[in-house]
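Thanks for coming. I have one structure to go through today, so please have the sequence and the model open.

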Amino acid sequence: MKKKVFLLTMAAVMGLSMTAYASEGEVANKDKPLVWFNRQPSNSSTGELDMAALSFNDDTYYVGFDANQGAELQGTMVLDYIEANIDTIDRNGDGIIGYVLAIGDIGHNDSIARTRGVRKALGTGVDKDGDINSDPVGTNTDGSATAVQDGTLEINGTTYTVRELASQEMKNSAGATWDAATAGNAIGTWASSFGDQIDVVVSNNDGMGMSMFNAWSKDNQVPTFGYDANNDAVAAIAEGYGGTISQHADVQAYLTLRVLRNALDGVDIDTGIGTADEAGNVLSEDVYVYNEEERSYYALNVAVTADNYQEFTDSTKVYEPVSNQLDESSHPRKSVWLNIYNAADNFLSSTYQPLLQNYDDLLNLDVEYIGGDGQTESNITNRLGNPSQYDAFAINMVKTDNAASYTSLLNQ
Ligand code: BGC
Ligand code: CA
């Protein structure tokens, strides 16, 4: 009798542990859905995509935005502003429209594209290996730098020179890039030595742009342009901030989690994206493109200026066409590990993450958010100690070259 009970107990224990093992071990970490976002796996000097990382498994994707389309918009936005305000823009009346440029991360595709977009539109770009040179120039008040040239603008029959007076990668001493505080200091330094020459301030993002605006350009009424359409930047347009670009973070945050949801549900990847799901979620072609070869979804950008900023005052609001709750019985809760490369990054922390937090509820995903220090990959990977605990992963690298630091953990 006793023996029988013992055997039954053993069977029950084994049965339980067998099931536990089966449900947890069913999918190997290397086969779980993986999405890269915001920093596209790529070579930080050549920009070449890291296809090994982008096709790590059948359920791997990248979600970002169309960097070239956005960069072109940013450049055009600045140019349009100069043309429309030509009578007042040249503050010292020397016939030179001088601008300074805050560069985010010299090895980040988005940053490179924005630097090129601005130089292209203003005619200050020079060729390097078949593309516009995106190197910072340091200081160039005399126009002698070789990484840029003086541009010329013909407006109402008058010819103006456009000069990139200074540009610099905004990286702090600890190594964090896109650093807003560094940009605030830089404008202080620039303004104190050649402030009267600065007619326009341009930044690769709003975090740095707003820092420069608050430190100097607001008081000096110098138009300042950024990128991201963060709430504070959009609100500042009423106070003289020149404009910004929305990279449709509302669409990107949705796509970031939606591709994981679809892979976890085992449905066609286009579900709720190009093809309406049963809840009615669907995106139209004017807000994103999918490049199958690159396994990448790119949201499209929109310029935000004095003309239309009222429509962009809440950057954390879910995008209406994809705001319908999924039914939990057909889309059961799943757990996702997700990191933000730098918890201090304005765009990611004030716009992107709040959006993700709105969508995770709608998509029945329990997301664990990890905030990195923006400096080392290990600060983040250290917190991915047990990948088996999660059903899927969403990764935002510190450096675009470092995909293997993450995939090696999933391969173990
Ligand atoms: C954003 C920046 C941000 C960077 C971080 C870019 O797409 O525009 O604001 O700092 O991503 O990777
Ligand atoms: Ca001038």
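First, the ground rules. This is a predicted model, in which local features need pLDDT of at least 70 and side-chain atom pairs count only at pLDDT 80 or more, while totals for chains, interfaces and linings use all residues. Residues are numbered from 1 along each chain as its sequence is written, chains are lettered from A and ligands numbered from 1 in the order in which they are written, and side-chain values use heavy atoms, with hydrogens and water left out.

Start with strand β9, residues 200-203. Buried means under 20% relative accessible area, exposed means over 50%, and partly exposed is in between, with a 1.4 Å probe and protein chains only.

Which strands pair with β9? Pairing requires at least two bridges found by DSSP between the two strands. Strand β3, residues 96-103, pairs with β9 in the parallel sense over 4 bridges, and V100 has V201 as its bridge partner. Strand β10, residues 224-225, is also parallel to β9, joined by 2 bridges. There, V201 is bridged to T224. Between β9 and β10 the chain passes through helix α7, residues 206-217, and this β-α-β crossover is right-handed. The term means that, with the strands pointing away from the viewer, the path from the first strand over the helix to the second runs clockwise.

In the loop between α7 and β10 we find Q221. Its phi is near 50°, a positive value in a residue other than glycine. Q221 counts as exposed, at 70% relative accessibility. R295 also has a positive phi of about 50° and is not a glycine. Its place is the loop between β12 (288-291) and β13 (296-299). Is R295 buried or exposed? It counts as buried, at 17% relative accessibility.

The search uses a 1 Å grid over the protein atoms alone: a cavity is a set of points where a 1.4 Å probe fits but cannot get out, a pocket is an open set with protein on both sides within 12 Å along at least five of seven lines, and lining residues have an atom within 4 Å of a point. Grid points are joined across faces, edges and corners, and a volume is the space filled by probe spheres set on the points.

Over the whole structure there is 1 cavity of 30 Å³ or more. The largest cavity holds about 100 Å³. Its lining has 13 residues, with N38, H108, W178, D345 and F347 nearest the centre. Two or more of the lining residues come from each of α5 (109-122) and α10 (346-362).

The largest pocket holds about 1200 Å³. It is lined by 50 residues, and those nearest its centre are G47, H108, N109, I112 and R116. Which element gives the most to this lining? That is α5, with 7 residues. The second largest pocket has a volume of about 320 Å³. It has 18 lining residues, of which D250, E311, F312, D314 and K317 are closest to its centre.

Last, the annotation. UniProt, in an unreviewed entry, places "domain: MglB-2 periplasmic binding protein" at residues 334-403. UniProt positions are in the numbering used here, feature names are shortened, and annotations may be inferred rather than shown by experiment. In the model this span is 31% helix and 26% strand, and its end C-alpha atoms lie 24 Å apart.

One more residue: L362 lies in helix α10 and is buried, at a relative accessible area of 15%. From L362 to Q412 is 50 residues in sequence and 32 Å in space, C-alpha to C-alpha.
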